[in-house]
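Please have the sequence and the 3D view open as you read.

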Amino acid sequence: MTERLSALTKRLEEIDDIQRAAAVLGWDQMTYMPRGGNAGRGEQLATLASLAHERLVSPAFGAALAAFAEEAQGAPADDIRHALLRTVQRAYDQATKLPQELVARQMRLTVEAYESWVAARAAKDFAVFAPAFAKMVEISREIGEALGYPDEPYDALLDLSEPGMTAKAGAELLGELKAHLVPLVQEIAARKDRVDRSFLYGHFADESQWQLGLEAIEAFGFDFGRGRQDRSIHPFTTSFGVGDVRITTRISEESFASAFFSTLHEGGHGLYEQGLPAEWARTPLGQAISSGVHESQSRLWENLVGRSRAFWRYFLPRAKAVFPAQFGENGVEEIYRAVNYVEPSLIRVDADEVTYNLHIAVRFELERALMQGELKAKDVPEAWRAKMQQYLGVTPPDDLEGALQDIHWTGGLGGFIGYTVGNVVSAQLWEAAGRTIPDLTERITQGDFAPLLGFLRRELHQLGSQEKTEGFLRKATGEGLTTRPYLGYITGKYREIYGL
Ligand code: ZN
């Protein structure tokens, strides 16, 4: 390691340590902290965030980065230092382009928006939230202007979570999905009675559900020596380093699928975090490529694996051993169909594979119109109902089941596209894994997930952020981002299940 490189990484590592310490506090807040800790915890997190920010924008950091940039630019084209420089420069540019005053104003608005969102939900009335949301749109536009963008301010917000994503590209991606999925959803909705999932509801003891979920992700390869699961109201994954990855779940004793698939989902996020390159830990190069690519890992294990016939051939005997009364009568075919039940519904987080991206299209299109000034915050509920009716054929009875359902808008705009990128990428990787591992289905039937995890480790996890989304996809699958494998997977699978 050269002197300039170690001078830079030393600074990066300190910043990362501060951020991981904040992650521990954030994880604790969502899992074990008593309510009384709230005020103090907010102060502690704000202090750590500003410490990390101050270090990143400091003249000393700028000088270390400039010195390293000079060295990296002279390195051979395939030298890892180019990738490190790109990822650090990106973080540095973002931090220095946003005025401290704007960041502080947005943080204060987030608190105000959250409070009015909670009040609006209690009243089931978006109008209560609209004034704060209008300010959030306004401040999002300011952030877009500060960061810069190719065509429209919304591009800048998308780029924050999905580097390189633009409004135009996102609209095209969703447009291709809508063209195939809207008619498919209509056909399936007319044949709802073809699938029975009633046996997934009843009584499923909490402790047994907990154990069964852990057993599944342990089989996938989740390392409990370097991670653990706890409980929270909303499941999430966080990482304090490759040696300590935390996932959470929540259990409802009335329903089997909710906790089980949430554990597979978060377990997929966790496997990615555990596989990131230890040698670049505590630098931006050692982190995931984007939130969409992260979501591809959770979706792959939850859906492509967890909702496959092969998986249930392996896992149904395990599920029956734990829940003999509930699953004793059922065969693989019945559980496979039940866990793939499709229903156009109102709530995104409960949506199935076929309808999920249509929920994202609704949000993406409204956000883009808001950012362009074509839609006013107060008119969101009406536009929401119209799009839900058009894409899914359902209309929310009130705003609680409509435009007030997601917490995302209390913190800003632009975060939804990653879910769709994740779905699309998960199918691309699955197709490529199938080419690389010819007996993939048999291996999964035997409960042997090592070849699949090995493929993901090699093609994605161990790269960290060495490649951008497009570059990593080309190397791993031979193509850039494309909806073809996803649409092929969804159409083939669900036409068969619903006899279309
Ligand atoms: Zn996720």
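By about how much of the helix are His265 and His269 separated in H10? They are 4 residues apart in helix H10 (residues 257-275), so about one helical turn separates them.

## About the model

This is a predicted model, in which local features need pLDDT of at least 70 and side-chain atom pairs count only at pLDDT 80 or more, while totals for chains, interfaces and linings use all residues. Residues are numbered from 1 along each chain as its sequence is written, and side-chain values use heavy atoms, with hydrogens and water left out.

Helices (H or I, at least four residues) and strands (E, at least two) are DSSP runs, numbered from the N terminus.

Buried means under 20% relative accessible area, exposed over 50%, and partly exposed in between (1.4 Å probe, protein chains only).

## Where H11 meets H17

The axes of helix H11 (residues 291-305) and H17 come within 7 Å and cross at roughly 60°. Axes are lines fitted to C-alpha atoms, for helices over the stretch in contact, with angles running from 0 to 180 degrees between N-to-C directions. The two helices are therefore oblique to each other; angles under 35 degrees count as roughly parallel, over 145 as roughly antiparallel, 65 to 115 as roughly perpendicular and the rest as oblique.

Among the contacting residues are Glu295 and Leu300 in H11, and Tyr419 and Trp430 in H17. Contact means heavy atoms within 4.5 Å.

## A buried threonine

Thr410 sits in the loop between helix H16 (380-392) and helix H17 (417-436). Thr410 is buried, with a relative accessible area of 6%. Leaving aside residues up to four places away in sequence, Thr410 touches Thr110, Ala113, Tyr114, Trp117, Phe129 and Met136.

## Two positive phi angles

Lys124, although not a glycine, has a positive phi of about 50°. Lys124 lies in the loop between helix H5 (100-123) and helix H6 (126-147) and is partly exposed at 43% relative accessibility.

Arg282, in the loop between H10 and H11, has a positive phi near 70°. With a relative accessible area of 35%, Arg282 is partly exposed.
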